[in-house]
Amino acid sequence: MGIPIEEILIQTVNGIVTGMILALVASGLTLIFGIMDVVNFAHGELFMLGAYVGVIILAATGNFWIALIAATLLVALLGAAIYLTTLRPLLGRDPLYTILVTFGVSLVLQNYALWQFGPAARKISEPFTGQFTLFYLAYPWYRIVIALLSAAIIGALWLFLKFGTWGIWIRATTQDRVMAQAMGIPVPWVLTGVFAIGAGMAAASGVLFGPLVGVNHAMGVDWVLKAFIVVVVGGMGNLAGSIAAAIFISLLEAYAAIWLDPSQAVIVSFVVLILTLLFRPTGLFVSTPR
Amino acid sequence: MSPGPKTVQPLVKVEDIHTYYGKSHILDGVSLEVGIGEVVGLLGRNGVGKSTTLKAIIGLVHPSQGKVLFEGRPITNLPAHRLARLGIGYVPEDRRIFRLLSVTENLRTGLDRRGVSKARKAELLEKIYGYFPVLAERRNQAGGTLSGGEQQMLAIARAMMLEPKIILLDEPTEGLMPRMVAEIGQIIDMLRRENVAVLLVEQNVPLTLEASQRIYIIEKGVVRYHAMASDLRINDAVIHQYLGV
């Protein structure tokens, strides 16, 4: 059996595109975990709600980009509200409490969406439908745009964390919450802000990914599961590690799909997860201890 | 508490505070005062509540009873970040610098406040780098890569970025080489010249007697003794009685 070079190249493109979206979902998750030790089980539902808000605003305005920005902002606000009402009162408690609470929030949001929008999947139409030829395939430009936009959003987050005052506040709070307070950093607002940023990033990925799959109430479940794998493999709370892990796992799955049925290819990410937990429990992509 | 000299105009006034850690009573009614620009030493054996007193002033521990006043205003239950902005700097026992932030970023945690102009920020940074040239040399280095003495300087410099009226210094000489200990003494003198009050918790008795104007001695969560530092410098008996040195 020869090596199918063309398929490998096509799957490389596919893997990177999926990997960038996954990185966008996972970076919100890892940011929230890194700064407040909260494992946010409702992250997938924020992704799903983002897609629905996108559907509604797209229907009202007809403009995909307005829908993307509005969904990001609205879900970020919702994230802040969820944080203030459910997580803030539990600050300093055992992580088990926050897991239960976010899990509860996820159930509420999922069932709300089912009740409000029904079980039938909605469609977000692509902002443009151009295609280019990739070997024997007509490949949609939109997929390339998703990857670039995700990279741009992650890049903007990185610049924000690296250079802005809020970025310094967030990093200082991540390292030592008590000392950050003693330096006058408004830690309660920083935590709320980070939760809102994470929620907004989940929503943005939901809108971006909406055109590729149907929008329905359960769409977040698959993504958040994969995002959790990415966050663990990348090293909990490590942003760069999560991005590397997202691309790494998506590429592996894409390559596996050349030889396996796509539903079996998913197994690859679990194998990576198990091997990571067994042999490098702090994460594959962690170079310096945090 | 023995009768001692009174400050004229207290900047910080602690009135009969009690704190608990679980069931154990850590502070059992501590009262003390620090005047504007005054250096006050807080001595006592390990575990008598010196650090907890500092934490109660900066709002990291909330007393179950008693009051803390800052410039005459009650601040007992305000969160730490508000107190820092009011002008209380805190240099904790283990320094707690942000290890992954660069030296400049560590300083910016205190510097990036509302109401401080760009020019003023640059001026403050220059001034601090003038006092601590070694920090200027290492300004882009991660805080965690500095030596113990440099980290202590960074912790003090970071607190100074708040332009505080008082700095709470918790065991600044712990684990430092003798040369650095002398340097900490000079830094405290510099703070006094800048009219920044200091509440100094130390195990190093000679340094504390030398640097401070007044001394409180704490035992089992209560202030047992209060005197001018100049009186204690010539009274070994008291020091021996309370501190066993």
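**View 1. Lys220(B) lies in the loop between β9 (214-219) and β10 (222-228) of chain B.** Strands here are DSSP runs of E with at least two residues, helices are runs of H or I with at least four, and both are numbered from the N terminus. This is a predicted model, in which local features need pLDDT of at least 70, side-chain atom pairs count only at pLDDT 80 or more, and totals for chains, interfaces and linings use all residues. Residues are numbered from 1 along each chain as its sequence is written, while chains are lettered from A and ligands numbered from 1 in the order in which they are written. Lys220(B) is not a glycine, yet its phi is positive, near 45 degrees. (Buried means 20 or more other C-beta atoms within 10 Å of a residue's own, exposed means 12 or fewer, and partly exposed is in between; C-beta atoms are placed from the backbone.)

**View 2. Asp16(B) is found in strand β1 (residues 10-21) of chain B.** Phi is positive here too: about 50 degrees for Asp16(B), which is not a glycine. Asp16(B) has 14 other C-beta atoms within 10 Å, so it is partly exposed.

**View 3. Chain B meets chain A.** The contact takes 22 residues from chain B and 16 residues from chain A.

**View 4. The largest nonpolar core has 155 residues.** Such a core is a set of buried Ala, Val, Leu, Ile, Met, Phe, Trp, Tyr and Cys residues joined through C-beta atoms within 7 Å. Ala203(A), Ile166(B), Leu168(B) and Val198(B) have the most contacts inside the core. Helix α8 (residues 187-209) of chain A gives the most to this core, with 15 residues. Leaving aside residues up to four places away in sequence, Ala203(A) touches several residues, including Leu46(A), Phe47(A), Ala71(A) and Val75(A).

**View 5. Chain A has 12 helices and two strands.** From the N terminus on, its elements run α-α-α-α-β-β-α-α-α-α-α-α-α-α. Buried residues make up 48% of the 290 residues in chain A. The C-alpha atoms of chain A fill a box of roughly 60 × 50 × 35 Å along the principal axes.

Note on methods. Two residues are in contact if their C-beta atoms, placed from the backbone, lie within 7 Å.
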